[in-house]
Amino acid sequence: MPTTLSKFKSQFLVVAKWAAIIIGIIIGIFVLIKVFFFIKEIISPTPDAPPTVSFGKLPSIFFPESINKKFTYSVDTLSGELPVLPDRTKVYEMEKPGPDLLAVQRASEKVSSLGFNNKPEQLSDIQYRWTSPGPPAKSLVLNVNMASFTLYSSYLTDPAVLSGVSLGNQEDALSTAKTFLNALGLYPEDIDEKKTKIELYSINNEVLGPAESLSRAKLISVSYFQQDKDEIKMVYPGGTNSTMNLVIGSGKENPQVVNVRFFYQKATEESATYPIKTAQEAFEELKNGKGRVVSQTGENLNIVIKNVYLGLYSEGKQQEYLMPVIVFEGSNNFMAYVSAVKDEWIEK
């Protein structure tokens with residue numbers, strides 16, 4: 001018996017020795033392969049897969065008329081240079097409204113809950129107008145297929161609005177605006193409430209002006225902004241002004257919505273990657289007048305570019321795709337957009 005155990009132990013040690021050698025060889029080969037590919041990537045990196053460009057050529061971005069002045073430009077970013085942007089980015093397909101036979105009926109039910117009549121005037125196949133005697137007298141024009149509407153009223157001359165007695169504070173304005181949109185079923189799910197902008201306005205002889213404090217304000221403006229998408233900021237035709245704005249004024253007893261300019265279109269998760277211009281290429285286009293200058297104040301036309309980044313541009317009207325732009329920000333409240341997708345992928 002002892003001889004048998006000794007023989008078994010000897011054989012086990014031999015097997016274990018060779019198993020360890022084989023495992024060591026396998027690990028060594030694996031490490032050598034990893035080192036080989038590491039060195040190879042340093043010397044000759046594997047190129048990235050090309051952009052998918054799945055949507056084919058894209059429509060041109062719609063830009064409203066640009067501020068047309070003879071600007072000169074210089075760069076003074078934190079690094080002293082234009083940034084290195086990625087060579088591609090995503091383009092998203094937008095939700096497209098479909099036919100809805102009950103759209104007008106449903107819209108009338110929602111609008112009438114806000115004090116408007118329930119018999120709208122048809123302006124087109126998709127646009128209808130509802131009115132309210134007020135005070136102040138109001139007119140709401142709604143696109144029944146999309147989250148798009150305007151509200152007009154005679155608030156500049158309304159006694160309750162001019163009194164400011166029931167205007168409330170900023171929190172009241174936020175609540176009033178959100179309640180109004182929820183009643184219409186139009187409060188967007190991707191609003192970044194931390195970005196919501198509140199502004200105070202006075203009314204003097206039917207002319208709006210900024211109010212220095214709440215005690216001097218007659219109106220509170222509430223503007224909504226969407227969340228970043230894939231860490232890229234959403235931008236709008238009005239630059240720092242969004243396409244979702246509601247103005248709150250005093251009613252007889254409570255704050256009320258007296259003016260609205262609202263447009264929202266949701267992006268789907270369907271996307272494709274497209275090659276984009278470098279910051280330098282976009283800067284050359286801006287200097288050659290090919291971008292859109294959104295804002296600029298003062299007499300000094302020598303613009304110092306302070307910040308450059310990629311944005312996703314909501315056109316403020318129905319669009320097929322959510323397209324990227326390269327944003328330039330600078331001195332004198334300067335802001336400008338340049339279409340980011342390379343020209344060969346834009347329809348002429």
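In helix 4, the buried residues are Ala173, Thr176, Ala177, Phe180, Leu181 and Leu184. Here buried means under 20% relative accessible area, whereas over 50% is exposed and the range in between is partly exposed, with a 1.4 Å probe and protein chains only. Helices (H or I, at least four residues) and strands (E, at least two) are DSSP runs, numbered from the N terminus. The model is a predicted one, in which local features need pLDDT of at least 70 and side-chain atom pairs count only at pLDDT 80 or more, while totals for chains, interfaces and linings use all residues. Residues are numbered from 1 along each chain as its sequence is written, and side-chain values use heavy atoms, with hydrogens and water left out.

Viewed down the axis of helix 4, the buried residues fall within an arc of 125°, so they line one face of the helix; the arc is taken from the directions from the helix axis to the C-beta atoms. An α-helix has 3.6 residues a turn, so residues three or four places apart point the same way. The cover over the buried residues of helix 4 includes helix 2 (103–112), strand 5 (138–143), strand 6 (147–153), strand 9, strand 11 (244–250) and strand 12 (255–264), where contact means heavy atoms within 4.5 Å.

As to its length, helix 4 has 15 residues, which should span 21 Å at 1.5 Å a residue, and the 22 Å between its end C-alpha atoms agrees with this; the expected span is 1.5 Å times one less than the number of residues. At the N-terminal end, Asn169 caps helix 4 through a side-chain oxygen that lies 3.1 Å from the backbone nitrogen of Glu171. A polar contact is a pair of N or O atoms within 3.5 Å; within protein, one must be able to donate a hydrogen and the other to accept it, and residues adjacent in sequence count only if both atoms are side-chain atoms. Just after helix 4, Gly185 has a positive phi of about 70°.

Strand 11, one of the elements that cover the helix, holds Asn245. Asn245 is buried, with a relative accessible area of 16%, and its side chain makes a polar contact of 2.7 Å with that of Ser221. Apart from neighbours within four places in sequence, Asn245 is in contact with Ser221, Val222, Ser223, Asn259, Val260 and Arg261.

The aromatic residues extend the picture. The structure holds 15 aromatic pairs; rings of Phe, Tyr and Trp (its six-membered ring) pair if their centres lie within 6.5 Å, and planes under 30 degrees apart count as stacked, over 60 as edge-to-face and the rest as tilted. In one of these pairs, the ring centres of Tyr187 and Tyr224 are 5.5 Å apart and the planes lie at 90°, so the pair is edge-to-face. Tyr187 lies in the loop between helix 4 (170–184) and strand 7 (197–204), and Tyr224 in the loop between strand 9 (219–223) and strand 10 (233–235), so the pair ties together parts that are 37 residues apart in sequence. Tyr187 and Tyr224 are both buried. Tyr313 and Tyr337 form another edge-to-face pair, at 5.5 Å centre to centre and 65° between the planes. This pair links distant parts of the chain, with Tyr313 in strand 15 (residues 302–313) and Tyr337 in strand 17 (residues 334–339), 24 residues apart.
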